[in-house]
Amino acid sequence: MRLVILGGPGAGKGTQAELLCSNLSIPLLAVGDILRGAIASETDLGKLAMPYVETGELVPDATMIQFFRQRLLLWDVFNGWVLEGYPRTAFQAEELDFLLFDLGQELDWAIWLKVPTEVLLSRSSDRSRSDDSPEILQRRLDLFEEQTLPILDYYEHRNKLLTVNGDQPPEKVQQDIVKVVSSY
Ligand code: AMP
């Protein structure tokens, strides 16, 4: 099964993606963690990504797609994956589809964790991470509204969008995701 998890900053994407991976026994590709890991170990990807991650801007598309082109060829993700943090724009969603087509793969579902903006704000400001200053948080929310919401239309038009209420206790959200994914 190949799944994308969509949601704003603080929507619970990371938690839900991890639970889903253990429930479905498939690997997780968490883009934010991958980028932070690459920066910490000073790889080529890390060097390219660092100025963007530090300021909360999106890493350029060409860098991201080149990374996935190599990453999705590795054996551990051959039978499926859960992608968290990518795509973040409709352009990235389209690029991902092109790439999957080239690789002879297809996305099964995009799961949208629907959470009201006020809840996103209060959850995000409770988190403490070095790239989580108030300005960066606001910038991420702005980017999310401008760039991520159009992805929903993209997947909706392709009948790939599954919406789940993300404003519930994490276990309940997970139950709902598993239910909706297994009902197709
Ligand atoms: P996250 O932990 O998912 O909030 O991601 C942390 C940072 O990684 C973001 O602020 C961006 O700088 C970068 N990043 C994560 N996902 C993407 C993406 N899909 N495209 C470009 N940059 C990304």
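In which loop is Pro-116 found? In this predicted model, Pro-116 belongs to the loop between strand E4 (109–114) and helix H6 (117–126). With a relative accessibility of 33%, Pro-116 counts as partly exposed, because its value falls between the limits of 20% for buried and 50% for exposed residues. The C-alpha atoms of Pro-116 and Glu-84 are 19 Å apart in space, and the two residues are 32 positions apart in sequence.

The surroundings of the ligand were examined next. A shell of 17 residues surrounds the ligand, and the closest of these are Glu-57, Val-59, Gly-85, Arg-88 and Gln-92. By class, the shell comprises 8 nonpolar, 4 polar and 5 charged residues. Helix H2 (31–40) and helix H3 (44–55) each contribute at least two residues to the shell, and H2 gives the most, with 4 residues. A nitrogen atom of the ligand lies 2.9 Å from a backbone N or O atom of Val-59. A distance of 2.3 Å separates an oxygen atom of the ligand from a polar side-chain atom of Arg-88. For Gln-92, an N or O atom in the side chain is 2.9 Å from a nitrogen atom of the ligand. On its own the ligand has 480 Å² of accessible area, of which the protein covers 96%.

Gln-92 is located in helix H5 (residues 90–103). Its relative accessibility is 3%, so Gln-92 counts as buried. Apart from neighbours within four places in sequence, Gln-92 is in contact with Val-59, Asp-61, Met-64, Tyr-86 and Pro-87. Tyr-86 and Pro-87 are themselves joined by a cis peptide bond, with omega at about 0 degrees. Pro-87 lies in the loop between E3 and H5.

Met-64 is one of the buried residues of helix H4 (residues 61–71), together with Thr-63, Ile-65, Phe-67, Phe-68 and Arg-71. The buried residues of H4 pack against strand E2 (28–30), H2, H3, strand E3 (81–84) and H5.

In soluble globular proteins, nonpolar side chains tend to be buried together. The largest nonpolar core in the model contains 54 residues, among which Leu-6, Phe-68, Leu-72, Leu-83 and Tyr-155 touch the most other members. Helix H7 (residues 134–157) gives the most to this core, with 6 residues. When residues up to four places away in sequence are not counted, Tyr-155 touches Val-4, Leu-6, Pro-87, Ala-93, Leu-96, Leu-107, Ala-110, Lys-160 and Leu-161.

Thr-148 is also found in helix H7. Thr-148 counts as buried because its relative accessibility is 10%. With neighbours within four places in sequence left aside, Thr-148 is in contact with Arg-88 and Leu-143. Thr-148 and Lys-179 are 31 residues apart in sequence, with 25 Å between their C-alpha atoms.

Two loop residues other than glycine have positive phi values. Glu-42, in the loop between H2 and H3, has phi near 55 degrees, a positive value in a residue other than glycine. Glu-42 counts as exposed because its relative accessibility is 58%. For Asn-159, phi is likewise near 55 degrees and positive in a residue other than glycine. Asn-159 occupies the loop between H7 and strand E5 (161–165) and is exposed, with a relative accessible area of 63%.

Definitions and conventions:
Residues are numbered from 1 along each chain as its sequence is written. This is a predicted model: local features need pLDDT of at least 70, side-chain atom pairs count only at pLDDT 80 or more; totals for chains, interfaces and linings use all residues. Side-chain values use heavy atoms; hydrogens and water are left out. A residue is near a molecule or strand if one of its heavy atoms lies within 4 Å of it. A polar contact is a pair of N or O atoms within 3.5 Å; within protein, one must be able to donate a hydrogen and the other to accept it, and residues adjacent in sequence count only if both atoms are side-chain atoms. Accessible areas come from the Shrake-Rupley method with a 1.4 Å probe; for residues, only the protein chains shown count as cover. Ala, Val, Leu, Ile, Met, Phe, Trp, Tyr, Cys and Pro count as nonpolar, Asp, Glu, Lys and Arg as charged, and the others, Gly among them, as polar. A nonpolar core is a set of buried Ala, Val, Leu, Ile, Met, Phe, Trp, Tyr and Cys residues joined through side-chain atoms within 4.5 Å. Buried means under 20% relative accessible area, exposed over 50%, partly exposed in between (1.4 Å probe, protein chains only). Contact means heavy atoms within 4.5 Å.
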